Amino acid sequence: MKHTDWYKDAIIYQIYPRSFCDSNNDGMGDIQGIISKIDYLKNLGINCIWLSPVYDSPQEDNGYDISDYYSIYKPFGTMDDLKELINKLHENGIRLIMDLVVNHTSSEHKWFKEALKDSNSKYRNYYYFKKGKGKNYNRPPNNWTGFFGGTTWERVGNSPYYYLHLFAKGQPDLNWENEEVRKEVKNILKFYLDMGVDGFRCDVITLISKKQDFKNRAPTLALCGKDAYVNGPRLHEFLHELYLDVYSNYDCMTVGETVLSTLNEAKELTIPSREELSMVFNFDHTNVDNFFGVKWIERKFNLKRFKKIFSKWQNGMYEVNGWNSLFIENHDQRRSPGRFNTSLDNEYKDISSKMLASTYFLMQGTPFIYQGQELGMTNGDFKTIDDFKDVETHNIDKMRKEIPILRPILNKSLFRESRDNARTPFQWDDSEFAGFSTITPWIQVNKNKKEINAKKELQDENSLLYYYQKLIKLRKEYKIIKTGKYNDLLPNSKYIFAYNRKENNEELVVISNFSKKNIKCKLLSKYKEYKLLLSNYEDNDNTILKPYETRILYREG
Ligand code: ISL
């Protein structure tokens, strides 16, 4: 099978299955629900789906804790449902990539259960078990801290041993040093590729290789020990091995969730000749409004900083023929309306969302749309901590209660940053449960379902939904969006994000006003002869950009 780069033409829609569509009315989304919405997806124009985990799981982290890689979580459906989904998507020209979560398993996975039961079992070496320190081993093996707050070590009963978990307690880390573990991963990959899956979104893939010293690291405010477990010494070797033994035999793609990678590290992961990953997710731009990459510590949005990040990644990847993914939302981020200087006011909400959409969608890379983003869905309206379901939110709430110095910061950011903001049920219509289900869903429906829902937007030709449809059409029609060189046209402007994509004499220009003011812009007269491909306003002036105005302009070579 020839390994091609179809992913460069992909427009990927992320589905978070719990919250997309509930076909059997048990309050939780499922695979048949997705099948029932294929026409909606086709109409939007996307040609690939990233499906967040549907494998069997106790759901401590909504499926990112897998207890059996070879079966489907019952409330989501069966393996036959998954096969039906793949076939029906393929019949409609839509590919499917699965979420590959292999940095850790669930603590309910049979490997881990065996490892706990018998310290001589071969499965003990599938994970990291280390002796604690101090009298009675009552201190963890080292001072590393994890992604959901607190130590990365959980003691096994009263034994001297602790196991490593970079995420929740129920997510023990796999030991990739062990060749048997890598064989298991390859078998999982082959199983799904043979079934017809087109690739994988590789969860926290940059964490799979750990420095083996397991020593203390200098204390830090954010993640302590990250130099020991991010981009570890054997990361490239492991990924290349997967490529040679599995990926190269299929026409598939991989996108790595490369948390905490620098541009140079990410380049190495995606340069095609190195045969590791097809592309990467970097989070520099979603960290623009926090300090130290810690979302709980808010930082004022700054457009110049935002633009600088994009220039760096666009140009950096272009130079080495690497490949970016383009996104502004996912299941771990809060919703974008009201973020990145966009507006939540009725008057400008859709206009500014269209502006943000044009700006990120036409860069070089593969664009992703997270379910509901195309409607302008907003953060949930949670009132008390009990309204939240997310394990991270509850862990951080615990820290807030236990560590007084963190309280003022977390009081401000906990509700705003909770991942559940992006996980409320998809708003299909304005009925009681937003057409997602006929009974109370697993997490509350957003009150604004009356104003924001798919049914309404499908009837309004000026909706955000149709704007995304138009952007997708542009990407399919203008090859320069795939190949042209990126160039920031106004790096010093505080209000305008303007860039072009150039190849020979052909040029595509995107000009966006990230403010609520009318802004004078000299570029408008410079490009006045260019063809206007799309804008969020009907009349465009030659000198002034209206509030949140965006224009996409084009000149043939
Ligand atoms: O959401 C985050 C913290 O607020 C991120 O740091 C996130 O934990 C990180 O991007 C890794 O995310 C992925 O792996 C996690 C899972 O909980 C996330 O949903 C997934 O996207 C563990 O599998």
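Me: What does the side chain of Asp-61 do with the ligand?

Reply: An N or O atom in the side chain of Asp-61 is 2.5 Å from an oxygen atom of the ligand. That counts as a polar contact (a pair of N or O atoms within 3.5 Å; within protein, one must be able to donate a hydrogen and the other to accept it, and residues adjacent in sequence count only if both atoms are side-chain atoms). Bear in mind that this is a predicted model, where local features need pLDDT of at least 70, side-chain atom pairs count only at pLDDT 80 or more, and totals for chains, interfaces and linings use all residues. Residues are numbered from 1 along each chain as its sequence is written, and side-chain values use heavy atoms, with hydrogens and water left out.

Me: And how far is His-331 from a ligand oxygen?

Reply: A polar side-chain atom of His-331 is 2.9 Å from an oxygen atom of the ligand. For Arg-201, the distance from a polar side-chain atom to a ligand oxygen is 3.0 Å.

Me: How much of the ligand's accessible area does the protein cover?

Reply: On its own the ligand has 500 Å² of accessible area, and the protein covers 91% of that. The areas come from the Shrake-Rupley method with a 1.4 Å probe; for residues, only the protein chains shown count as cover.

Me: Okay, Asp-332 then. Buried or exposed?

Reply: Asp-332 is buried, because its relative accessible area is 18% and buried means under 20% (exposed is over 50%, partly exposed in between; 1.4 Å probe, protein chains only). Asp-332 is in the loop between β14 (325-326) and α10 (349-361). Those labels are DSSP runs numbered from the N terminus: helices are H or I with at least four residues, strands are E with at least two.

Me: What does the Asp-332 side chain make polar contacts with?

Reply: Two arginine side chains: Arg-419 at 3.3 Å and Arg-423 at 3.1 Å.

Me: Who else is in that loop?

Reply: Glu-329 is found in the loop between β14 and α10, and Glu-329 is buried at 3% relative accessible area. The side chain of Glu-329 makes polar contacts with those of Arg-335 (2.8 Å) and Ser-336 (2.7 Å).

Me: Switching topic: in what order do the strands of the open sheet run?

Reply: The order is β11-β10-β9-β5-β2-β1-β15-β14, eight strands with parallel pairing. Strands count as paired if DSSP finds at least two bridges between them. At the edges are β11 (279-281) and β14, each pairing on one side only.

Me: Why is β15 largely enclosed?

Reply: Because five of the five residues of β15 (residues 366-370) are buried. Thr-366, Phe-368 and Tyr-370 are on one side, with Pro-367 and Ile-369 on the other.

Me: What stands opposite Phe-368?

Reply: Ile-12 does. Strand β1 (residues 12-15) is joined to β15 by three bridges, in parallel. With β14, strand β15 pairs over two bridges, and Leu-326 has Pro-367 as its bridge partner in β15.
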